Amino acid sequence: MKTNVRNNVNWVGKVDWELRKFHGNEYSTHKGSSYNSYLIQEEKTVLIDTVWKPFAKEFVDNLESEIDLNKIDFIIANHAEIDHSGALPELMKKIPDTPIYCTVNGVKSLTGHYHQNWNFKPVKTGDSLELGNGKKIVFMEMKMLHWPDSMASYLTGDNILFSNDAFGQHYATEYLFNDLVDQDELMNECIKYYANILTPFSSFVEKKIEEVISLKLPIDIIATSHGVIWRENPTQIVEKYLAWSKAYAENQITILYDTMWDGTKRMAEAITQGIKANDKSVTIKLFNIAKTDKNDIITEIFKSKMILVGSPTIGRGISSATAGILEEIEGLRFMGKKAAAFGAYGWSGESVAKITEWLKRSGFEVLNDGIKCLWNPDDPSIAQCIDFGKKLVQG
Ligand code: FEO
């Protein structure tokens, strides 16, 4: 049901408490999500975005209980991914001629998804739409934040930036506003969202935020398309994005390993011992790659200044879990992080060289050739691993 955002702007989206996987199985949503859609009722009535396809009928039924659908003058599709456009086919069956405002790339995406010849009105940055009562919507292209078609819409008078995915989080809450929810939970979901979705586009994030700041528009509310609406100190999330976009790292080292008979695990623990011996200030976190949610691992990597990746040699390569996370890491193009590899082996021992090469081509500063142990590490091997850890944080 609708929730008032400000004056004649209401939230008409869907909170999805059950969601546990998003983008197929690519993104874990431990705390659910929401698909935020907004209805603006000035002299003109505007609908901004819709909801994910499974909730299309519920969304349209709810909307119909609020207003006569024929009173909707314009639809704005800030982004064409199905989580925001999924109810358009259901809605457009009822109001087929209603103009849909989106970017040129949005026309391509929406046509590609739904193969319908809807009444598209392509817009670009600076174009605007008069709503009456002295208010208008101003469009801003947000190319590659995070798709080519992404855009934001700004409502003058109420000073609301409808930012779509940018500044959002996968976080279900019945309270909708940032000041009404658990702040730690909220920020954890924000950084996870940035780390897993926006990291490759960090250079665009910085440029786009600078461009929006240069417009000097008063922004009182940032109404995202997932999770909370930022109404209390909304610029806090903009400042976070600026920090995260600049090769972000905390004083943390994350050690990732997979293990068959605990050899590589014992190496990870011995390396940890070495790091601790030489640096009491650094946060060290260990994760068994095969047993840990991959998106949570990515979030920890994002927060780290250095990562260590270990796998036993299996056949002539590495474990499938290690290969999976390395593939993910390579695609995200982290900046400014150091790395090294380790692993136990039984005869030929290719894993360490393979991980080292993968880390190099993923943009990490690889500190050395890594360390490997034949069989389960004995006392001298453990001592070597401790020494390896010490050297990683020397000087
Ligand atoms: Fe929330 Fe890019 O869709």
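Strand 18 and strand 19 (residues 283-288) pair in the parallel sense over six bridges. Pairing requires at least two DSSP bridges between two strands. Leu-256 has Phe-287 as its bridge partner in strand 19.

This is a predicted model: local features need pLDDT of at least 70, side-chain atom pairs count only at pLDDT 80 or more, and totals for chains, interfaces and linings use all residues. Residues are numbered from 1 along each chain as its sequence is written, and side-chain values use heavy atoms, with hydrogens and water left out.

Strand 18 (residues 252-257) is mostly covered, with six of its six residues buried. Buried means under 20% relative accessible area, exposed over 50%, partly exposed in between (1.4 Å probe, protein chains only). In a regular strand the side chains alternate between the two faces of the sheet. Here both faces are covered, as the table shows.

| Face of strand 18 | Buried residues |
|---|---|
| One side | Gln-252, Thr-254, Leu-256 |

Lys-44 sits in the loop between strand 7 (38-41) and strand 8 (45-48). At 35% relative accessibility, Lys-44 counts as partly exposed. Beyond its neighbours within four places in sequence, Lys-44 is in contact (heavy atoms within 4.5 Å) with Asp-73, Phe-74, Glu-130 and Leu-131. The C-alpha atoms of Lys-44 and Asp-73 are separated by 6.0 Å, though 29 residues apart along the chain.

Now the helices. Lys-294, Ile-297, Ile-298 and Ile-301 in helix 9 meet Ile-325, Glu-328, Ile-329 and Leu-332 in helix 10. By class, this contact has six nonpolar, no polar and two charged residues.

Definitions and conventions. Helices (H or I, at least four residues) and strands (E, at least two) are DSSP runs, numbered from the N terminus. Ala, Val, Leu, Ile, Met, Phe, Trp, Tyr, Cys and Pro count as nonpolar, Asp, Glu, Lys and Arg as charged, and the others, Gly among them, as polar.
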